[in-house]
Amino acid sequence: MNESMERGRRLFGEEIPAFFVASEGWVWYTVYIIHPEEFMLKMTEFYEYCRENLPDLELRLAQPMSKYTSFRIGGNAELMALPKTEEELSWLLRAAKTHALEPVVLGAGTNVLAPDGGIPGLVICLKDALAGLEQLDPHTIRVQAGVTMARAAVYAANLGLGGLEFAHGIPGSVGGGVYMNAGAYGGEIKDVCTRIRIMDRAGQGRWLTREEAGFSYRHSAVEDHPWIVTAAEFSLEPRPVSEIRDKMQELITKRRSSQPLELPSAGSAFKRPQTGYAAALIDSCGLKGFQVGGAAVSEKHAGFVVNLGGATAADVQSLLRQVSDRVFAETGIRLEPEVRIW
Ligand SMILES: Cc1cc2nc3c(=O)[nH]c(=O)nc-3n(C[C@H](O)[C@H](O)[C@H](O)COP(=O)(O)OP(=O)(O)OC[C@H]3O[C@@H](n4cnc5c(N)ncnc54)[C@H](O)[C@@H]3O)c2cc1C
């Protein structure tokens, strides 16, 4: 049994009659053929088990992922849980394990392309759920994973602590920012993050040092392990509040003038290649405005794929593939998606 089949079994239990995976270049399509009645029964049982044993846990049934992602794309998540404390998250993970469910984790949904067919299982949404912020000492703040990076940056600014200005305009959560070492305008999470708190799928939490967090360009060790980020600590520099606010304002102005913030997107669609910049390469191939269905390469910033209205995940995937192929054919450089394709 290959790894994908194993995952399918873990996700849906032993009763799956068939399961197969196909690949086309770097885009992977996963097709699950499951027994819907048995699966529904499993989810219903799980929902009732949570209701009975942890009534305070916030659960939402059949949630459109288009409501939870900045792309405004995606079918229904069968069940969404929003744990408000680490204890709730730990309980939820243990319960999911007992029920042979493998939840997926969502932050602010600003770097995710959710499938048109929805997510047949459990989504744990941390945005605004794990929402604590505290100052630990004159230089250090601790922020829970569901806090937006903008809120963390403003909190630090109000304390007269600089270093998170770069993160102010990144629309994700701190958990999502740690997961992929988010960065902008010369700053990255790894520059200021000293420790991260993670929880494994058995519901055990622990702290990792910056080294153990394994940060590199748009990557951290969290991507390579079944971990959930629950908090992070940032070591910052005391600076005049007005200076910090001016810097944040300057970066927001830059962003507004260069990025299509008025349209739904997931930010830069492709990672920066070894040589050059994705946006410049796409532009040089004349692909600004290139459209598939409701998805298009932004006219304002060629690195962004935008939803012009009614775009599907299939439109976006097809567009990403075609852009990558054209750029490869014309420049020999292969662009890889930065957006996480679920
Ligand atoms: C307009 C716009 C501008 C952007 N500009 C930038 C930019 O300048 N720089 C930049 O780096 N990015 C940018 N992004 C992309 C995005 O905001 C960042 O990648 C951000 O870090 C994603 O955080 P999120 O909470 O939205 O993660 P999500 O999109 O919710 O999730 C992304 C991935 O992280 C995982 N994840 C999320 N939270 C956790 C957690 N707590 N524990 C474990 N895994 C988790 C998810 O499973 C998923 O695989 C931009 C996006 C938009 C829409």
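Analyst: A residue is buried if 20 or more other C-beta atoms lie within 10 Å of its own, exposed if 12 or fewer, and partly exposed in between, with C-beta atoms placed from the backbone. The model is predicted: local features need pLDDT of at least 70, side-chain atom pairs count only at pLDDT 80 or more, and totals for chains, interfaces and linings use all residues. Numbering starts from 1 along each chain as its sequence is written.

The part is helix α3, residues 86-98. Helices (H or I, at least four residues) and strands (E, at least two) are DSSP runs, numbered from the N terminus. α3 has 13 residues and reaches 18 Å from first C-alpha to last, close to the 18 Å expected at 1.5 Å a residue. That expected span is 1.5 Å times one less than the number of residues.

Which residues of α3 are buried? They are Leu89, Leu92, Leu93 and Ala96. They sit on the same side of α3 because they cover an arc of only 100° around the axis; the arc is that of the directions from the helix axis to the C-beta atoms. Glu87 and Thr98, on the other side of α3, are exposed.

What does the buried side meet? The buried residues of α3 pack against β4 (76-82), β7 (119-125), β13 (193-199) and β15. Contact means C-beta atoms, placed from the backbone, within 7 Å. Just after α3, Ala100 takes a positive phi of about 55°.

One of those strands leads on to the ligand. β15 (228-235) supplies at least two residues of the shell around the ligand, as do β5 (104-106), α5 (174-179), β11 (183-184) and β17 (265-268). α5 gives the most, with four residues. The residues around the ligand number 32, and Gly107, Gly172, Gly175, Gly176 and Gly267 come nearest. Here the C-beta atom, placed from the backbone, must lie within 6 Å.

Now the core. The largest nonpolar core has 90 residues, and those with the most contacts inside it include Leu113, Ala152, Val178, Val229 and Ala232. Such a core joins buried Ala, Val, Leu, Ile, Met, Phe, Trp, Tyr and Cys residues through C-beta atoms within 7 Å. The largest share, six residues, comes from helix α10 (residues 313-331). Among the buried residues of α10 are Val316, Leu319, Leu320, Val323 and Val327, along with Asp315 and Gln317. α10 has 19 residues and reaches 27 Å, close to the 27 Å expected. Just after α10, Gly332 takes a positive phi of about 80°. Ala152 touches Leu133, Val143, Val147, Leu164, Ala167 and Val174, not counting residues up to four places away in sequence.

Definitions and conventions
Contact = placed C-beta atoms within 7 Å.
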